[in-house]
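Open the model in your viewer and keep the selection tool ready. The stops below go from the whole chain to single side chains.

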Amino acid sequence: MDKIELNKCQKDKIAEICAEFGNAPGELINVLHKCQGHFGYLPEEVQREIARNLHIPVAKVYGVVTFYSFFTMQPKGRHSISVCMGTACYVRGAESVLEELKKELKIDVGGVTPDGKFSLECLRCVGACGLAPVMLVDEKVYGRLEPKQIKGILAQYE
C-alpha cells in the first residue's frame, strides 16, 4: 500500500476528533470509528497521528485496527458491496452470488475495482436470514439473490 502524507488540515482534524473524546486512551475505538468515518479508512499515517494525540504506542492502535474487522487500512470503493456468508445465505447460494460478483467486478474479496467504484467484502450475518441469500450495496439490502441478477444490480450504480 502506498504511503500517504497527512497535511496540516488532516492532522488538525485527527487532533479535533481525539479532543472530542478527551484525548483519553480508553476512547481509542471511538476515535478510530470517527477517524475512519472521516477518512474512509485508517492508513498507517492516520494511526500514527492518533497514537501521538492519545499518547499511546502505535502498536496498540495497529493492534485494535487489525483485530476488529470493521476497521480497514485499505481505501474502499465509492460503493461497498458486502455478501452475507452466514449459514442461511451460504446454504441458499451465497457462494454462487459471490462468484458472480467477483467475475463481474474482476476483483477478489477485499479488493477495489480499478476505477474505485466498488469494493467487495463478505459478512458473517446480516440478520435477514428470511431473505437469503443477501448482499448489501452501501446500506441497501438485496435479498433472494440469484447470480443472474448481479449484472442488473450493479448497473444501477453506474
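This is a predicted model: local features need pLDDT of at least 70, side-chain atom pairs count only at pLDDT 80 or more; totals for chains, interfaces and linings use all residues.

Residues are numbered from 1 along each chain as its sequence is written, and side-chain values use heavy atoms, with hydrogens and water left out.

**Domains.** Select 8-65 for domain 1 and 79-155 for domain 2; the bounds come from an automatic or database domain assignment. Their centres, taken over C-alpha atoms, are 31 Å apart.

**Helix 1.** Select residues 8-20, a helix of 13 residues. Helices here are DSSP runs (H or I, at least four residues), numbered from the N terminus. From first C-alpha to last, helix 1 reaches 18 Å, close to the 18 Å expected at 1.5 Å a residue; the expected span is 1.5 Å times one less than the number of residues.

Now show Ile14, Ile17 and Cys18, the buried residues of helix 1. Buried means under 20% relative accessible area and exposed over 50%, with a 1.4 Å probe and protein chains only. Looking down the axis, these buried residues fall within an arc of 100° (directions from the axis to the C-beta atoms), so they line one face. Their cover includes helix 2 (28-39) and helix 3 (44-54). Lys8 and Cys9, on the other side, are exposed.

**Helix 1 ends.** At the start, a side-chain oxygen of asparagine 7 comes within 3.1 Å of the backbone nitrogen of cysteine 9. Just after the helix, select glycine 22, which has a positive phi of about 70°.

**Glutamate 100.** Move to helix 6 (residues 94-105), where glutamate 100 sits. Glutamate 100 counts as buried, at 16% relative accessibility. Leaving aside neighbours within four places in sequence, glutamate 100 is in contact (heavy atoms within 4.5 Å) with Pro147 and Ile150.

Notes
Helices (H or I, at least four residues) and strands (E, at least two) are DSSP runs, numbered from the N terminus. A polar contact is a pair of N or O atoms within 3.5 Å; within protein, one must be able to donate a hydrogen and the other to accept it, and residues adjacent in sequence count only if both atoms are side-chain atoms.
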